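Trainee: I am new to this one. Could you walk me through it, please?

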Amino acid sequence: MKIAVYDCVAGDALTDKYGSVGSNVVNWIKPYLPEAQWLDVHVAIGAEFPLPGAIDGIIITGSEKGVYDDTVWMQPLRDNLTAMRAHSTPIFGICFGHQVMSDT
């Protein structure tokens, strides 16, 4: 099982101190899904999205941005989520993550 974590936080003093939000999500869940392979996709800094069929599920993190903010990464995220949904890829959103899912 391959799960992608879409990290939607650009970074700040807290992520400098504690690590990226995506890596923290992986660290929290990994002990309960030891068989999973984890892919940290740092959406907010322009990482490439996996293609539909390349992963088995997605977790979308929170963000310091809102779903209606104008960012360079928001539309590519929405496009990827639409493609993943059409491919029936399971998606779970945390805070901003569930909001962008609902608005896409």
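Mentor: Gladly! This is a predicted model, where local features need pLDDT of at least 70, side-chain atom pairs count only at pLDDT 80 or more, and totals for chains, interfaces and linings use all residues. Residues are numbered from 1 along each chain as its sequence is written, and side-chain values use heavy atoms, leaving out hydrogens and water.

Trainee: How many salt bridges does the count come to?

Mentor: A salt bridge needs a side-chain nitrogen of Lys or Arg within 4 Å of a carboxyl oxygen of Asp or Glu. R78 and D103 form such a pair, with their closest N and O atoms 3.0 Å apart. By this rule the count is 1 salt bridge.

Trainee: How many residues apart in sequence are the parts that this pair ties together?

Mentor: Helices here are DSSP runs of H or I with at least four residues, strands are E runs with at least two, and both are numbered from the N terminus. R78 lies in helix α3 (residues 74-86) and D103 in the segment after α4 (96-102), so the parts tied together are 25 residues apart.

Trainee: Is R78 buried or exposed?

Mentor: Buried means under 20% relative accessible area, exposed over 50%, and partly exposed in between (1.4 Å probe, protein chains only). R78 has 10% relative accessibility, so R78 counts as buried.
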